[in-house]
Structures are given as C-alpha cells and as structure tokens.
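Trainee: I am new to this structure. Please show me how to read it.

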Amino acid sequence: MTTSASDRAGAILTIDLDAIAENWRRLRSRLGGATCAGVVKADAYGLGATRVGPRLAAEGCREFFVAHLDEAASLRPCLPEDARIHVLNGLMPGAEADCAAIGAVPVLNGRDQVDRWRSLAARLGRSLPAAIQVDSGMNRLGLSPREVEDLADDPAALDGIEVTLVMSHLACADEKDNPVNVAQLAAFEAARRRLPAAPASLANSSGIFLGTNFHFDLARPGASLYGVNPTPHAANPMRGVVRLQGRVIQTREVPSGSGVGYGLTWTAPAPARLATVSVGYADGYLRSLSGRGSAWRDGTRLPIVGRVSMDTITIDIGPLPEGAIGPGTLVDLIGPDHDIDAVATDAGTIGYEILTSLGTRYARVYTGGA
Ligand SMILES: *Cc1c(COP(=O)(O)O)cnc(C)c1O
C-alpha cells in the first residue's frame, strides 16, 4: 500500500482556484466598464502562476502582469494567444530581442528603455507593443516628469512603438484618506495628457477601492485576488484562497518549569500538553511568529510556544480535551479561523510577504476547476 503525497506530507497547502476566480469577478464588477487584469508576478504571489494564469484566462482575463521576463516566458505557453503579458520591471539592457521573441509587452520605465525598444523595432522592421510607466510620486519606477516632457517634445522617440498602455503606481493606496493618493492621481492625469492617447491604468488592488476616478481603463489587482484584504481599514471584501495545515509529529506532557525549543525561550507556567508540528521557517512559516503565532483546531486557538525552528513548531494543546490531538492530526496555520492578514499581523509583516514566502516543501493541492 502506498500513500498519496498529501497523506504523507508534513504539511498541506490548499489553494482554491474557484475563490481566486470569484475574487477576480468581484473586482471586475466593482470596476464597471474598466478592464480587470491579473497580476501574477512572483509565481502568482507564491500560489503558482501556471495554475492561476489559465484559471483567470478561463474567466475572461486577457491582461497579465509579471515582474520578470523569465516569468513571462514560462507563463506564455499556459495562456491563450490573445492574452498579453506585461513585464513590470521593464526592459533590461540586452533583453530586448528576447522580450520581442517571447511576445511579452515590456513596461518601459525610462527613456533608455524607450530608446532601446524603438531601435529594436527599427531593426526588425515592425512595430512593437509597450506599456509606458510614468512616475507619479512613488519614485520607484517610471519616466520622471522631466522625461515625459522630453518625450512629448520628441514624438519620433516613439516611432515603431505601439503604446498599448500608459500606467503609474500608487504608493499609499491602502491608506484611503492619505492625500498622496489624489496628488498621484493629478500627476498621472497631467502626464497622460503629454503622451500619446492610449488606455490608462493606475489602480492596484487597494486603488480599485479608492473610487471610480482611480479606475481609468484597466486595473491591476494582485494581492486581493489571493485573499489579502485590499481595505485594511474595513472588513475584507475578498474570499479566502489559501489553507495551510501542518501535521502533528508527536505530543508530550511536560511538568511546570520546562523550557521549550531553541533558547528555551518559553517556560511552562504549569504542567502542559504540547504538540510538535511539521512546519518551520524553511517552509516560509516566519521565525518572527515565535511565541506569537497560533495554530487552530476546530475553532480553538493553540498558541505557538517557544521559537519557530527550521522544520518544526511547538504548540500548546492544553485548550483541547486530552486525546483530541495525536500523531498525524492536522492543525490549521492559515485558514478560515486565521487568515493571511491575521498571520501577517502576528508576524509583524503584511499578507503579501506571508504569501510570497510560502514554501516549496508543502504538498500543494489545487481545488476548483482548471
Ligand atoms: C505588484 C504590483 C501591482 C499589484 O499590486 P497589489 O497591491 O498586489 O494589487 C500592480 N501594479 C504594479 C506596478 C505592481 O508592482
């Protein structure tokens, strides 16, 4: 008799493709007539771009964003021919021919990138599509206001470039009342007026919730598709996507005063029942969850005691009746009782980092179609 990978696994990561699809539809309906893209960079925030991409395509998504050209190359064969894959980190020197051969759309982030893409178009004797990113105040990527002016004064600089999108990115979209948002909106509109007419895009997940004047022609949600709350000041309008279950290896009873784990940083204040679970920081279960995170079983919180090790955590199973947990029992680490954002709060980080840290040792189970 053999067991399946998830029967044997120390931990199971379940990714609900139906929930991702529903989140995409929710965002699309919020956008009215504007196009809803799908951001699938960093392997779809750790959830598997080659599974998520085709599912979004089946829902009707045709505009995809990755960060690296290699991400575009591996996603290309998984998507319909009419899907566009934009490369947010733009056009690295020397990557121009590969980018064109892959059929990816570079996000041109500076004048040097514009010039190199135009040169390639001239060499190939055909026009090449590109998005142009302008910096509206984040000072991370995109043409500066000065470069936008120079480009406006030199229309030939875009010869052979088919501008399919003019875009920018918001620095503070998750803070709905931050005045930076409207300042960036104004800067983006000013830059747009100086550039060739093309569809425009400003909003990430949180930007979609700032109001219709942030929607333009296309929005670029990422995190919200995967269940992260795009409105941290209010209830999460998205459906949960990820469940992480860790398997108990063994349980033990320890007397009052016993120390637990590396550094013996936790000491049992009374006789305690403990379980050791097969998940650790090598799985992306962050070490900062030491003494702060928790596991859940049937709605009961089981605190992590002591430090997170590379391959294990130890939890206090005292809140459950004796015998409720034994070797092989699964406990929830991320799930309905404790979502991505709650785990992020425990760890002192954001849901994005929890997702993109999810490890490769988990047995991964995809539920939902496609
Ligand atoms: C990552 C990214 C997005 C998606 O942002 P979320 O907050 O995950 O929705 C959109 N646009 C750009 C330029 C990005 O870098």
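Trainee: How many residues surround the ligand, and which are the closest?

Mentor: Some ground rules come before the answer. This is a predicted model, where local features need pLDDT of at least 70, side-chain atom pairs count only at pLDDT 80 or more, and totals for chains, interfaces and linings use all residues. Residues are numbered from 1 along each chain as its sequence is written, and side-chain values use heavy atoms, with hydrogens and water left out. A residue is near a molecule if one of its heavy atoms lies within 4 Å of it. Here 14 residues surround the ligand. Lys-41, Tyr-45, Ser-205, Gly-222 and Tyr-352 are the closest.

Trainee: Where is Thr-349 placed?

Mentor: Helices are DSSP runs (H or I, at least four residues), numbered from the N terminus. Thr-349 sits in the loop between helix H11 (340-347) and helix H12 (351-357). Its side chain joins that of Glu-353 in a polar contact of 2.4 Å.

Trainee: At what angle do H2 and H4 pack?

Mentor: Axes are lines fitted to C-alpha atoms, for helices over the stretch in contact, and angles run from 0 to 180 degrees between N-to-C directions. Helix H2 (residues 17-30) and helix H4 (residues 49-59) pack at about 50°, with axes 10 Å apart. Angles under 35 degrees count as roughly parallel, over 145 as roughly antiparallel, 65 to 115 as roughly perpendicular and the rest as oblique. H2 and H4 are therefore oblique to each other.

Methods
Helices (H or I, at least four residues) and strands (E, at least two) are DSSP runs, numbered from the N terminus. A polar contact is a pair of N or O atoms within 3.5 Å; within protein, one must be able to donate a hydrogen and the other to accept it, and residues adjacent in sequence count only if both atoms are side-chain atoms.
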